[in-house]
Amino acid sequence: MTALLALEGVVAGYGRGDVLRGVDLTIEDGAITCLIGPNGAGKSTVLKTVSGLLRPKGGTILLRGEPIGGRTPQAILERGVVHVTLVLMDEPSTGLDPKARRRVFEAITEVNRAGRTVLLVEQNARSGLAIADHGAVMDSGVVRLTGTGADLLVDPEVARLYLGTAGTNVG
Ligand SMILES: Nc1ncnc2c1ncn2[C@@H]1O[C@H](COP(=O)(O)OP(=O)(O)OP(=O)(O)O)[C@@H](O)[C@H]1O
Ligand SMILES: [Mg+2]
């Protein structure tokens, strides 16, 4: 597996206390990775730390092997995050009706087919994992579980905690 992005033991927060408490996460080049987890787990904080909006206190963030942790958002943008290589999406389907939501997930798949790597954070865990090559479950500032999107969809523990009852889209 080729890692486009790798987080190793990333620690970050907003002043007092750490929100990310040692996040390990690998984003495979060319794939869709869906990050799920309860409110406040730190999912958005992961995206902010990758894009440079938040400076990590510890750990390593590697983009194609190059350390980018703590660089300015502009420097990270110039390396292609958001604009060309890696697209970070934070709950793109939230608040949409089912038809619009379906269209959003189709669009994400199209963006990926066009050659873009995607790191997607989703409350609609079932729909997110369904289009994802890889999934990661985050809780209390760490990544607890990773697997293929398909594996996580049928994992009884993931289903119980994050997918709600069968057939619904509870985050
Ligand atoms: N700007 C901020 N200043 C201080 N604390 C913050 C800030 N943004 C987030 N936090 C705190 O960091 C923790 C993680 O928040 P984060 O937004 O990363 O969670 P999340 O997993 O994206 O949750 P959600 O599913 O609700 O979007 C929470 O305790 C939150 O209150
Ligand atoms: Mg969030």
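User: In this chain, what share of the contacts between residues at least 6 apart in sequence join residues at least 24 apart?

Analyst: Start with the term: two residues are in contact if their C-beta atoms, placed from the backbone, lie within 7 Å. In this chain, 59% of the contacts between residues at least 6 apart in sequence join residues at least 24 apart. Some ground rules: this is a predicted model, where local features need pLDDT of at least 70, side-chain atom pairs count only at pLDDT 80 or more, and totals for chains, interfaces and linings use all residues. Residues are numbered from 1 along each chain as its sequence is written, while chains are lettered from A and ligands numbered from 1 in the order in which they are written.

User: What is the mean pLDDT of the chain, and where is it below 50?

Analyst: pLDDT is the predictor's confidence in each residue, from 0 to 100. Here the chain has a mean of 90, with 94% of its residues at 70 or more. Residues 166-171 are where the pLDDT is below 50, and that stretch has eight contacts in the model beyond near neighbours in sequence.

User: How do I read burial, and what percentage of the residues count as buried?

Analyst: Count the other C-beta atoms, placed from the backbone, within 10 Å of a residue's own: 20 or more is buried, 12 or fewer is exposed, and in between is partly exposed. By that count, 37% of the 171 residues are buried. The buried ones are Lys43, Thr45, Val46, Leu47, Lys48, Thr49 and Val50. Just after α1, glycine 52 has a positive phi of about 95°.

User: How far does helix α3 reach from its first C-alpha to its last?

Analyst: The expected span of a helix is 1.5 Å times one less than its number of residues. Helix α3 (residues 98-113) has 16 residues and reaches 23 Å, close to the expected 22 Å.

User: Which residues other than glycine have a positive phi?

Analyst: Arginine 64 is one of them, with phi near 50°. Look for arginine 64 in the loop between β4 (58-63) and β5 (66-67); its 15 C-beta neighbours make it partly exposed. Glutamate 91 also has a positive phi, about 50°, and sits in the loop between β6 (86-90) and α3.

User: Which residues surround ligand 1?

Analyst: A residue is near a molecule or strand if its C-beta atom, placed from the backbone, lies within 6 Å of it. For ligand 1 the surroundings are Tyr14, Val19, Gly37, Asn39, Gly40, Ala41, Gly42, Lys43, Ser44 and Thr45. The shell divides into three nonpolar, six polar and one charged. Nonpolar covers Ala, Val, Leu, Ile, Met, Phe, Trp, Tyr, Cys and Pro; charged covers Asp, Glu, Lys and Arg; the others, Gly among them, are polar.

User: What is aspartate 133 in contact with?

Analyst: Leaving aside neighbours within four places in sequence, aspartate 133 contacts Glu28, Ala31, Ile32, Thr33, Thr148 and Gly149. Aspartate 133 sits in the loop between α4 and β8 (134-139) and is partly exposed, with 16 C-beta neighbours. Glutamate 28, one of those contacts, lies in strand β2 (residues 20-28). The C-alpha atoms of glutamate 28 and histidine 134 are 8.3 Å apart, although 106 residues separate them along the chain.

User: How far is leucine 161 from glycine 37?

Analyst: Their C-alpha atoms are separated by 8.8 Å, with the two residues 124 apart along the chain. Leucine 161 belongs to helix α6 (residues 156-163), and glycine 37 is among the residues surrounding ligand 1.

Key:
Helices (H or I, at least four residues) and strands (E, at least two) are DSSP runs, numbered from the N terminus.
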